[in-house]
Amino acid sequence: MRFKDKVVVVTGAASGIGRATARLMAEEGATLILGDINQAGVEAVAASITAATPPLAVAFDAGDPESCRMLIARAAEAGGRIDMLCNIAGILDWAPLDQFGDDRWDRMLRINLGSVFFLSQAAMPHLLETKGNIVNIASAAALVGIAYSEAYCASKAGVVALTKSMAIEFAAKGVRVNAICPTGVKTPMTGEAKWPEGIDLNLLMRNASKMGDMIEPEEVAAAIAFLGSNDARTISGIAMPVDGAQTAG
Ligand SMILES: NC(=O)c1ccc[n+]([C@@H]2O[C@H](COP(=O)([O-])OP(=O)(O)OC[C@H]3O[C@@H](n4cnc5c(N)ncnc54)[C@H](O)[C@@H]3O)[C@@H](O)[C@H]2O)c1
């Protein structure tokens, strides 16, 4: 029960890693505010969780700064405090460089990187009060390049840079900020992804997990819960691979 009496905000909670994190946090006693653009999906996840205080499901758009601020305001109002922010919502989009248009670049940066900035900025006054923490889901794609994925890699490398900068700015004030860098996780993001047309698959797959299989979303959720808990009291500013040695060399 590492999150008893803790109010935890989880974005991307309708699916995959966000859903697994919401379920684990609830088992460990958290009061949850779950955000996702998929309103029906996030409401279904909230309804499936049995907890003393039922989770609050909020539809929001991570690509819109106002919507990010609305989610945090709703969370603070409902929970009365915020102890942890899990920035998990994100998208995958890829194509050969010359086919990736301005609109796709803009959408990628707004959702994957802008959301982490705006949600963290809005949550920080609350986290300063509770000496809380933030866990951002970056990616192994933040640590190594992946062909046809320039915008995704840049967005996730930006998440690591934000993580480290916030960690330094707020360490002495008692707020920790960490990132997790998973490799391929078994979620709809990877399950429904279509290879870009006309690509060299060997080039795309050269950075795979060396353990030979994909990761379960629950395994990423376990890493998020560790970093968010008091077990990690002295850990801040890290970008922790959960990647079967993909980025080890
Ligand atoms: N699956 C992987 O292999 C993998 C690997 C490394 C990092 N990640 C990262 O993990 C995070 C979660 O991915 P997942 O694999 O669980 O994918 P997923 O597609 O199962 O879940 C992503 C969730 O984010 C939500 N979302 C998308 N756009 C949104 C928006 N504009 N506003 C609010 N919510 C939005 C979706 O509705 C969905 O519920 C993402 O940031 C992803 O980049 C995933």
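Which residue just after H3 takes a positive phi? Glycine 80 does, with a phi of about 80°.

## Basis of the report

This is a predicted model, in which local features need pLDDT of at least 70, side-chain atom pairs count only at pLDDT 80 or more, and totals for chains, interfaces and linings use all residues. Residues are numbered from 1 along each chain as its sequence is written, and side-chain values use heavy atoms, with hydrogens and water left out.

## Helix H3

Helix H3 covers residues 65-79. Helices (H or I, at least four residues) and strands (E, at least two) are DSSP runs, numbered from the N terminus. The 15 residues of H3 reach 21 Å from the first C-alpha to the last, close to the 21 Å expected at 1.5 Å a residue; the expected span is 1.5 Å times one less than the number of residues.

The buried residues of H3 are Ser67, Cys68, Leu71, Ile72, Ala75 and Ala76. Buried means under 20% relative accessible area, exposed over 50%, and partly exposed in between (1.4 Å probe, protein chains only). An α-helix has 3.6 residues a turn, so residues three or four places apart point the same way. The cover over the buried residues of H3 includes strands S1 (7-11), S2 (31-36), S3 (56-59) and S4 (84-87), and helix H4 (102-130). Contact here means heavy atoms within 4.5 Å.

## Cysteines

The whole structure contains zero disulfides, a disulfide being a pair of cysteine sulfur atoms within 2.5 Å. Cysteine 68 is buried at a relative accessible area of 0%, and cysteine 86 is buried at 0%.

## Ligand site

Of the 30 residues around the ligand, Ser15, Asp36, Tyr152, Val185 and Thr187 come nearest; a residue counts if one of its heavy atoms lies within 4 Å. An oxygen atom of the ligand is 2.6 Å from an N or O atom in the side chain of aspartate 36. For tyrosine 152, a polar side-chain atom lies 2.7 Å from a ligand oxygen, and for valine 185 a polar backbone atom is 2.7 Å from a ligand oxygen.

Taken alone, the ligand exposes 830 Å², and the protein buries 92% of that. These areas come from the Shrake-Rupley method with a 1.4 Å probe; for residues, only the protein chains shown count as cover. Helices H1 (16-27), H5 (150-170) and H6 (188-191) each give two or more residues to the shell. H6 gives the most, with three residues.

Tyrosine 152 is found in helix H5 and counts as buried at 10% relative accessibility. Not counting residues up to four places away in sequence, tyrosine 152 touches Ile91, Leu92, Asp93, Met108, Asn112, Ser139, Ala141 and Met189.

Asparagine 133 lies in strand S5 (residues 133-137) and is buried, with a relative accessible area of 5%. A polar atom of the asparagine 133 side chain lies 3.0 Å from the backbone oxygen of glycine 228.

How values were computed: Polar contact = N/O pair within 3.5 Å; in protein donor to acceptor, adjacent residues only side chain to side chain.
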